[in-house]
Amino acid sequence: MPVDPSPRLTGENSARGAGATRNAGRHPHRGPVTSAVEVRRSARRSRTVSAYREGDRTIVLIPARMSEAEERRWVGVMLDKLAAQESKRVLGDSELYERAERLSEQYLDGRARPASVRWVTNQNTRWGSCTPAEGSIRLSHRLQGMPEYVVDYVLVHELAHLLVPGHGPRFWRLLEAYPRTERARGYLEGVVAAGRLPHLPAAREE
């Protein structure tokens, strides 16, 4: 059965597709963003393949008649497309502020109320910073292009600093509300470690 060579990508808030059936199979981890993949087959879907994030999972919607080999191939394609899509999207300052407000409501009961949230280009030794007295939060431009859950973690981290200035036990208890804290910290630590690797000299052309 032919499959649309340019499958449609859907966002998290897109319709799930009536009649979708669940496939309990899990697929291997691909990259830093996806921890589990759930494939849902639909008899109503004849050509299109789509995917979206749902919490820590990625949902891939495929036609019911697709073979297992095609399923594996398209899952890989869609994971790569989602990762590329997410890495290219950069939030503007106004979107960043709105995202911070939503994260505060979701994980800090709305208690952290920033006055401003913006990208800055002068923070090369830290990922984010805040000034509690002013309610201002600044994120390093180096986060742009990183997975959304990493940016969200840094936002929640700085929002928590509006409530607790230091890094004591009370601060880290606030961070426990964000479910991807350890994962995001591991990602950022990996970025820092990679930056410390020695650069190999360029190969000489003969």
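**Group meeting: a walk through one predicted chain**

From the N terminus on, the elements of this chain run β-β-β-β-α-α-β-β-β-α-α-α. That makes five helices and seven strands. Helices here are DSSP runs of H or I with at least four residues, strands are runs of E with at least two, and both are numbered from the N terminus.

Before the details, some bookkeeping. This is a predicted model, in which local features need pLDDT of at least 70 and side-chain atom pairs count only at pLDDT 80 or more, while totals for chains, interfaces and linings use all residues. Residues are numbered from 1 along each chain as its sequence is written, and side-chain values use heavy atoms, with hydrogens and water left out.

Now the totals. Of the 206 residues of the chain, 42% count as buried. Buried means under 20% relative accessible area, exposed means over 50%, and partly exposed is in between, with a 1.4 Å probe and protein chains only. The accessible surface comes to about 11,900 Å², and 50% of it belongs to carbon and sulfur atoms. Those areas come from the Shrake-Rupley method with a 1.4 Å probe; for residues, only the protein chains shown count as cover. As for contacts (heavy atoms within 4.5 Å), take those with a separation of 6 or more: residues 24 or more positions apart account for 50% of them.

Next, the nonpolar cores. A nonpolar core is a set of buried Ala, Val, Leu, Ile, Met, Phe, Trp, Tyr and Cys residues joined through side-chain atoms within 4.5 Å. Which residues touch the most other members of the largest one? Of its 32 residues, they are Leu96, Leu139, Leu143, Leu155, Leu159 and Leu188. At least two residues of this core come from each of α2 (93–107), β5 (116–120), β7 (136–140), α3, α4 (169–175) and α5. Helix α3 gives the most, with 10 residues. Apart from this core lies another, of 12 residues, with Val37, Val60, Met66 and Met78 among them.

Staying with Leu143: not counting residues up to four places away in sequence, Leu143 touches Trp119, Trp127, Val150, Val151, Val154 and Leu188. Trp119 is found in strand β5, and Trp119 is buried, with a relative accessible area of 14%. Leaving aside neighbours within four places in sequence, the contacts of Trp119 include Val90, Leu91, Leu96, Leu139, Leu143 and Val151.

On to the pocket. Rolling a probe the size of a water molecule over the atoms shows where empty space is left. On a 1 Å grid over the protein atoms alone, a pocket is an open set of points with protein on both sides within 12 Å along at least five of seven lines, and lining residues have an atom within 4 Å of a point. The second largest pocket has a volume of about 170 Å³, where grid points are joined across faces, edges and corners and the volume is the space filled by probe spheres set on the points.

What lines this second largest pocket? The lining is Trp127, Tyr153, Val154, His157, Trp172, Arg185, Leu188, Glu189 and Val192.

One of the lining residues is His157, placed in helix α3 (residues 148–163). Is His157 buried or exposed? His157 counts as buried because its relative accessibility is 12%. Beyond four places in sequence, His157 is in contact with His167, Phe171, Trp172 and Leu175.

Gly128, in strand β6 (residues 128–131), counts as buried at 14% relative accessibility. Its C-alpha atom is separated by 5.7 Å from that of Ser140, 12 residues apart along the chain. Asp109 sits in the loop between α2 and β5 and is exposed, at 63% relative accessible area. Phi of Asp109 is near 55°, a positive value in a residue other than glycine. Lys81 lies in helix α1 (residues 68–88) and is partly exposed, at 35%.

Notes
1 Å grid on protein atoms, 1.4 Å probe; cavity = no way out; pocket = protein on both sides within 12 Å on 5 of 7 lines; lining within 4 Å.
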